[in-house]
Structures are given as structure tokens and as C-alpha cells.
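Let's take a quick tour of a protein pair, starting where the two chains meet and ending inside each one. Keep the viewer open as you read.

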Number of protein chains: 2
Amino acid sequence: MPKISGMEKKVAILGAGNLATLLSLELHRKGVEIVQVFSRTETSASLLANMLECCYVTKPEEITPDATIYLISVSDMAIEDVLSKMDCNNKLVAHTAGSIPMNILSKFSENHGVFYPLQTFSKSRNVNFSCIPFCIEANTAENEQILVELASLISNDVRIITSEQRKQLHLAAVFANNFVNHMYAIADEIIQQKDLPFDILYPLISETAAKIENITPHAAQTGPAKRSDMAVMQDHLSMLNDKPNLKKLYSSISDSISEYHKLPK
Amino acid sequence: MPKISGMEKKVAILGAGNLATLLSLELHRKGVEIVQVFSRTETSASLLANMLECCYVTKPEEITPDATIYLISVSDMAIEDVLSKMDCNNKLVAHTAGSIPMNILSKFSENHGVFYPLQTFSKSRNVNFSCIPFCIEANTAENEQILVELASLISNDVRIITSEQRKQLHLAAVFANNFVNHMYAIADEIIQQKDLPFDILYPLISETAAKIENITPHAAQTGPAKRSDMAVMQDHLSMLNDKPNLKKLYSSISDSISEYHKLPK
């Protein structure tokens, strides 16, 4: 059985959503002992526990006091509620959230930290954990070491990140992930109007994402807004006449590109 | 020497920008005879001609009348000007632009078409042409066949697309490429404020792009706007207080996500 910092690690997984599922399965695959799953949704709890070959509970009061690490992947709003009802026996509790400061855990255990993988998770997709940046924070050097070693079992990119940095990172991730995905959704809607299949955009989407690993996004910017091509922009806006929401968005983002590159509008 | 539809193909490349450069080099690599490069910028013209082992000219009047296909990759605004000054001898002229209708070529040659690769090109990056969708349009079945065969020499994804569809595709590409890249640029700016390196976002950016090949972007949407998480959104807006432009953009895109998913705002 693998040990961390000389300590036998028995991990309890709190939550059974996308992140909790993929993270606990990966830890399990790397030999970490998962002792219990908690989720208020019995179907999710039993499904995940079954895959992890461990038991599950559906009430926070029933969470085992015998784990050595509690990984909390419930929704942001539920973190404090779950912790207030369970007995963690002052063991190490760590949440996996981007935007929640570490210190909300301090009143529930003297040993606490953050174990935040910067990635988007869907149950239906396998992700390669070895490349995922794990953002670690802890209240003591010893707890930091425990979480770093746990993360290092599954990832080659483990970093010490403060709550303030993590919050900033989470905001950046909203732009780089959530907002980018919305741009894809709009592109999908636009091409479907002329009976074109979305897959025609895959190579463009993939290259756009790959490019910025070699060229800064500032230098990679192209398009009508970047070259102040008013004729094309006017044409695009008129094509969006029956979609006022998209028309407004087209203008806002084009204006932002102009401002960013200090171009005349 | 490879022939298309029984016709010996001698291609003249008009333009020496990113697209003209990468496209002509790829055609050359596949055995297509490039007979001449035209660009008003002598440095660009001579550099590309040198790589292609052909001659170059810098005035449209000097463009050879002996090519069998003229590929026009000059800027959108220069297309008509160049064509009006050259003698194409009624041979096949095809432009490579997303947003320009085919029929602007009709007054310059009885044989005309469009040869539009849906991809973003930078001279400093090699792209895999075999995956790039080539959008072909032509004024006759014979010219269509010639352009399809030319595109098929370098790509496995050749499609017949009308001017109207191509224009729509170009608008979709502005969202999926130009606007997405701007989101990356903003994310970069945001994380640099807390001394974090942009590479921490690479796995997230790459996975966000890869995901939509398995899950529709509508289904893949996550984040505070999607789950109507007002607390996180308010927090993010306050973090952008000193950047009114980004604050406005954050609101516009979040509102659009709400509208798109018919959520309460």
C-alpha cells in the first residue's frame, strides 16, 4: 500500500460529480486506497463506490472519521454545510475548487488545504491526468507536502499556488474555457443555419488552440477586427440582423480586440 | 509532371502572405508546377519564389499569361485591382478568400472559382494540410473538377461549398478562431497580473478544444454563467473593476450564455 510522507493514505471522496469521479478513479488506478464515497445522490454515490470497490454514504453525518485525507469535491455552496455535519477528526481536509479560499476550511480542521486540478471534466471523456496542473495550497508545510505527493502520483505538473492566485486563475479559466466554449456554440449555431456540419470547423478550432503554445495570443490575433476591416465587419453585423444578442456580442468582442491592439474603431 | 483532368497544371501564385506561402509550398511539395509568384512587396515575392524555385514579378502587368491556374491570395481589397491589371488569358482564376463571392471574378475570366482552405495560417507554423477542409466553388463543372483535383492533392477533406455558405462559414470562423483567440489573450493578461505563467492554461485550452469533437458545445458548456452562480460572477466582476472593458465583456458573454441556455439572469 503506497504511503505519503510515511503516512498511510486512506482517502475519502466527498462528492460524486465529474471531477470527484475522474479524480478518485485516477487515484485508485495509481494504488491509492479510497475508503469511502459520500454523495447525497444515492445513484451517483453507489455507482462511483462500485467502480472504486469501496463503500458509500449519503449523509454527511455518516462520513467515516477514519480517513487520513478528505477530498471535498461537492459543489462550492455545499462545502461548508457538509463539513459542519461530519467528523473529520482533525485530519487533512482539502477542497478541489477554483474560486473558494482555503481558509473557509480552517474552522473544521486544523489540517487543511486545496487540491485544485486546472482542467474541465466530463464523465464521458477520459482526460490525461499526467499533464493537468495541480494547484496545491496548505496551512502547514507538512500538509503541503502530503498534498504535493498525492498530486504527484497522478500528475507531472504540481504547483504551489496561493488562494489569491488560484482565484485569478479561475477567472482566467472562465475566459479560456467557458467563454471559448460559448464561442464554439455560437459558431455551431451560425453554420447550421446554412446546413453545414459543425465538423468542418474542427481543424480550425484545434489549430487555434495549438497555435498559442508557440505564438502568444496577442501575436496570434487575426481577423477583421484586428485589421480594422470595416467592410467585412459591417457585412457580418448585417448577417446577424435577426439575432440581436449575437450582433451585440460581435460588436463587443470586436471593440475589445480594437482596444486591446490600440486600433482605431 | 502531374496532370489534372488531362490538363497540365501550371500554377501562378498571386500573393506572398501567410496563406499564399504555406499553400504554394504544399502544392510544390506534392509535385505541382508553380510557374510564377506575384507580390507587390519584392522581399516577400523573392523569398517565396526562391523557396518554390520559380521566378517572381512585382507588377500585376508582368504576371505571365502562360499559367493554367491563377491562385489569388492577395488581400480581399486588392483582388479586383490585381485582376484588372493582369492578362489571365481567360484561364482559370480562383481566389482563396472566405468572405468574397465567386462572381466578382466573372468579369476577368470566363473560367473562375474559389479555392478556400478553412484554417488559420502563420508562416512560423507548419500545418497539416491533409486535414484542412478545402471549400471549392466554380462556374462550370469542369472548373470545379480541376479545383477539386488540385485540392485533393494536398487535402483529404475537399467540399463543394456555395458563396453563401462560405460567407456564413467565414462568420462562424470569426467566432471559433478570432474571438476564441481574443479570449486566450484576455486569460493571458489576467493571469499575468498575479505572476502566473500562461502555460498553466495550455492543458485546459487544449481539452476545451478537443472536447467538442465528442460533445456538442451546447452540452459541453459549464461555468458560473451556465449554472447561474451569481456569487462567483459578482466576485469576478469586482476583480475586473480596474478593467472596465473586460468587465463589460464578461457581462455580455455571461448574458449570452444565459440567453443561450434560457436561464434566469
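A polar contact is a pair of N or O atoms within 3.5 Å; within protein, one of them must be able to donate a hydrogen and the other to accept it, and residues adjacent in sequence count only if both atoms are side-chain atoms. With that rule, 42 residue pairs are in polar contact across the interface of chain A and chain B, both residues being at pLDDT 80 or more. Bear in mind that this is a predicted model.

**Where the chains meet**

- Chain A brings 88 residues to the contact, and chain B brings 88 residues too.
- Between them, chain A and chain B bury about 8900 Å², with 65% of that on carbon and sulfur atoms.
- On the chain A side, A:R125, A:Q168 and A:F175 lose the most area to chain B, and together they make up 8% of what that side buries.
- There are eight salt bridges between chain A and chain B.

**What chain A's side is made of**

- Several elements of chain A each supply at least two residues to the side that touches chain B, among them β9 (133–138), α6 (202–211) and α9 (244–260).
- The largest share of that side comes from α5(A), with 27 residues.
- Sorted by class, the side of chain A that touches chain B has 48 nonpolar, 24 polar and 16 charged residues.

**The sheet in chain A**

- Chain A has an open sheet of eight strands with mixed pairing, in the order β5-β4-β3-β6-β7-β8-β9-β10.
- At the edges stand β5 (55–57) and β10 (157–160) of chain A; each has a single partner strand, so one side of each has no neighbour in the sheet.
- Neighbouring strands of this sheet are turned by 25 degrees against each other on average, ignoring direction.
- Four bridges pair β9(A) with β10(A) in the parallel sense, and A:I136 sits opposite A:I160 in β10(A).
- Helix α4 (residues 141–154) of chain A packs on the sheet, and its direction makes about 165 degrees with that of β9(A).

**The sheet in chain B**

- Chain B has an open, mixed sheet of eight strands, ordered β5-β4-β3-β6-β7-β8-β9-β10.
- Strands β3 (residues 10–14) and β4 (residues 33–38) of chain B run parallel, joined by five bridges, and B:V11 stands opposite B:I34 in β4(B).

Conventions. Residues numbered from 1 in each chain as written. Chains lettered and ligands numbered in written order. Predicted model: local features only at pLDDT ≥ 70, side-chain atom pairs only at ≥ 80, totals over all residues. Heavy atoms only, no water. Contact = heavy atoms within 4.5 Å. Buried area = accessible area lost by both parts, 1.4 Å probe. Salt bridge = Lys/Arg side-chain N within 4 Å of Asp/Glu carboxyl O. Nonpolar A, V, L, I, M, F, W, Y, C, P; charged D, E, K, R; others polar. Pairing = 2+ DSSP bridges. Axes fitted to C-alpha atoms, helices over the stretch in contact; angles between N-to-C directions.
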